[in-house]
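These are my notes from going through a structure, entry by entry. I put down what I looked up and what I found.

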Amino acid sequence: MQLVVMAAALVLAEVGQVCSFSCHPKNVSIPVESCGISGCVHTTICEGRCYHEDPIYISYDGHPTERICSGDWSYEVKFIEGCPVGFKYPVAKSCECTTCNTRTTYCGRLSADMPSC
């Protein structure tokens with residue numbers, strides 16, 4: 001369930017995104033379902049793009065360090081009225097441009113159609 005909520009948050013972050021190189025918290029509402037009952041979660045995500053410049057020379061040692069908009073995350077639990085089963089959802093406490101952590105994040109290029117600046 002956590003993965004579904006996080007994926008929905010990331011998709012909603014891309015909707016209507018304006019091109020800028022700032023990494024900041026953004027309030028979003030995410031539709032959720034538990035016990036067959038629909039509800040809505042209001043949370044905070046990290047949004048924005050981080051400045052990155054490809055080097056002229058690419059060495060054999062690997063790719064240049066990619067910086068991403070990420071933050072200090074915590075998880076909260078919510079119950080939908082009429083359902084005894086709670087679910088966890090992510091909440092960004094702060095956001096900043098940081099080095100991509102390959103242990104917790106996919107750091108490769110996205111193959112999907114992305115809006116460009």
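Predicted model: local features only at pLDDT ≥ 70, side-chain atom pairs only at ≥ 80, totals over all residues.

Entry on the partner of Glu47. I looked for a charged neighbour and found that Glu47 and Lys26 meet through their side chains in a salt bridge, with 3.2 Å from N to O. Lys26 sits in strand β1 and Glu47 in strand β2, so that the pair links distant parts of the chain, 21 residues apart. Lys26 itself counts as partly exposed, at 27% relative accessibility.

Entry on the other salt bridge. I counted two salt bridges in total, and I recorded the general point that side chains of opposite charge can pair when their charged atoms come close. Besides the pair already noted, Glu76 forms a salt bridge with Lys93, and the closest N and O atoms are 3.6 Å apart. Because Glu76 lies in strand β3 (residues 67–78) and Lys93 in strand β4, this pair ties together parts that are 17 residues apart in sequence. I then checked the accessibility of both: Glu76 is partly exposed, with a relative accessible area of 32%, and Lys93 is partly exposed as well, with 49%.

Entry on Thr44. I placed this residue in strand β2, which covers residues 37–47, and I classed Thr44 as buried, since its relative accessible area is 16%. Its side chain makes a polar contact of 3.1 Å with the side chain of Asn27. Leaving aside residues up to four places away in sequence, I listed what Thr44 touches, including Lys26, Trp73, Pro90 and Ala92.

Entry on Thr98. I found this threonine in strand β4, residues 87–99, and I classed Thr98 as partly exposed, because its relative accessible area is 23%. Beyond residues up to four places away in sequence, Thr98 touches Glu66, Arg67, Ile68 and Ser70. I also took the C-alpha to C-alpha distance between Thr98 and Gly71, which are 27 residues apart in sequence, and got 8.2 Å.

Entry on the nonpolar cores. Which residues make up the largest nonpolar core? I found nine in all, namely Val28, Ile30, Val32, Val41, Ile45, Ile80, Phe87, Tyr89 and Val91. Strands β1 (24–34), β2 and β4 each supply at least two residues of this core. Apart from it lies another core, of six residues, and Cys23, Cys69, Ala92 and Cys95 are among them. I went back to Ile80 for its contacts and, not counting residues up to four places away in sequence, saw that Ile80 touches Val32 and Phe87 as well as Glu33, Ser34, Ile37, Ser38 and Gly39.

Entry on the protein as a whole. I counted one helix and four strands, and from the N terminus on I read their order as α-β-β-β-β. Of the 117 residues, 22% are buried.

How values were computed. Residues numbered from 1 in each chain as written. Heavy atoms only, no water. Buried < 20%, exposed > 50% of the residue type's maximum accessible area, 1.4 Å probe, protein only. Polar contact = N/O pair within 3.5 Å; in protein donor to acceptor, adjacent residues only side chain to side chain. Contact = heavy atoms within 4.5 Å. Core = buried A, V, L, I, M, F, W, Y, C linked by side-chain atoms within 4.5 Å. Salt bridge = Lys/Arg side-chain N within 4 Å of Asp/Glu carboxyl O.
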